[in-house]
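Let's take a walk through the aromatic side chains of this protein together. Keep the model open beside you as you read.

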Amino acid sequence: MKDEIKKLCGETLFDEPMSRYTTLRVGGAADALVYPRQVEELSKLLLWTKSRKIPHFVLGAGSNLLVRDKGIRGIVVSLSRGFSAIRKEDEKTVYVETGVGLPRLVDWTAQEGLSGIEALAGIPGNVGGALFMNAGTRKGEIGTVVQEVTFVEKDGKLVTWPKEKIRFEYRKSHFPQGAVLLSARLSLNPASPESIREKIQADREKRIETQPLNVPNIGSVFKNPSKGHAGFYIEESGLKNVRVGGARVSPKHANFIVNEGQASARDVLALVGLIRDKVKERHGVLLEPEIRIVGEE
């Protein structure tokens with residue numbers, strides 16, 4: 001199988017520890033991690049996985065992602081090396097590929113004097129993950145500025161959906177199962193670069209002040225419930241600083257779990273379960289995970 005994968009995608013790593021690619025620094029090995037450089041290469045790869053009934057998983061920037069300790073069977077696809085273009089197409093339209101990191105995109109739009117995604121400043125994902133999860137904050141989400149998204153279906157077919165066809169919800173979007181998102185066009189508004197940079201700087205300073213960004217963490221663990229904030233319920237349940245193995249509820253922000261150095265996915269999952277149980281018992285609120293959990297236990 002390794003020889004076949006190498007023929008389909010020249011840049012491939014085998015038995016690669018996913019802990020190197022997640023912001024929590026946790027995760028077992030993937031059978032194969034591939035870096036397609038072109039749409040044709042990706043389409044052939046997806047056709048092959050479909051014909052061989054081999055699962056594939058698309059890796060973003062590794063934030064909001066928990067890979068279980070026994071790793072991922074099948075193919076992990078990263079677009080970070082082959083799909084990283086950004087360009088301005090007219091006064092308001094930006095074309096961006098999904099391997100682009102959100103911090104780079106946010107800074108680029110400020111430089112170009114285009115406003116609309118300042119709320120994404122400080123989110124450590126890439127554009128693909130942001131579209132998949134409809135990333136955002138209380139100030140805005142990426143789905144509100146999307147014009148269209150182009151993706152490859154699991155049978156290798158290239159498809160573009162206009163915004164009217166895409167359903168974005170709180171921290172989720174709806175694309176065909178197995179689709180790999182390739183690029184998007186965003187509709188932004190001209191504004192002075194200085195005013196955009198001021199907003200970005202304010203949001204980044206706020207994140208540094210309130211979130212444990214200087215240690216390996218998984219981002220926001222739970223979605224906010226319909227009333228209130230997940231972090232509030234967790235803190236009010238007395239769970240700040242609580243540890244399971246090497247995983248700990250951040251003393252800085254209760255909706256973050258940090259890795260103190262030797263955490264396993266099992267530790268993190270046990271802590272997630274403990275938090276859900278305690279918050280349900282104390283407040284009657286069942287928290288829904290925002291993190292994506294993949295791989296074998």
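How many aromatic pairs does the structure hold? There are 4 aromatic pairs, where rings of Phe, Tyr and Trp (its six-membered ring) pair if their centres lie within 6.5 Å, and planes under 30 degrees apart count as stacked, over 60 as edge-to-face and the rest as tilted. Before going on, note that this is a predicted model, in which local features need pLDDT of at least 70, side-chain atom pairs count only at pLDDT 80 or more, and totals for chains, interfaces and linings use all residues. Residues are numbered from 1 along each chain as its sequence is written, and side-chain values use heavy atoms, with hydrogens and water left out.

Start with Phe-151 and Phe-175, an edge-to-face pair with 5.7 Å centre to centre and 70° between the planes. Phe-151 belongs to strand 11 (residues 146-152) and Phe-175 to the loop between strand 14 (172-174) and strand 15 (180-187), so their pairing ties together parts 24 residues apart in sequence. Strands here are DSSP runs (E, at least two residues), numbered from the N terminus. Both Phe-151 and Phe-175 are buried, and together with Trp-161 they form one aromatic cluster.

Now turn to Phe-232 and Tyr-233: their ring centres are 5.6 Å apart and their planes lie at 70°, so this pair is edge-to-face. Tyr-233 is buried, at 13% relative accessible area, while Phe-232 is partly exposed at 47%. Buried means under 20% relative accessible area, exposed over 50%, and partly exposed in between (1.4 Å probe, protein chains only).

Finally, look for charges over rings (NZ of Lys or CZ of Arg within 6 Å of the ring centre and within 35 degrees of the ring normal). Arg-81 lies over the face of Tyr-35, 3.8 Å from the ring centre, and the charged end of Arg-87 sits over the ring of Tyr-95, 4.0 Å from its centre.

Methods: Helices (H or I, at least four residues) and strands (E, at least two) are DSSP runs, numbered from the N terminus.
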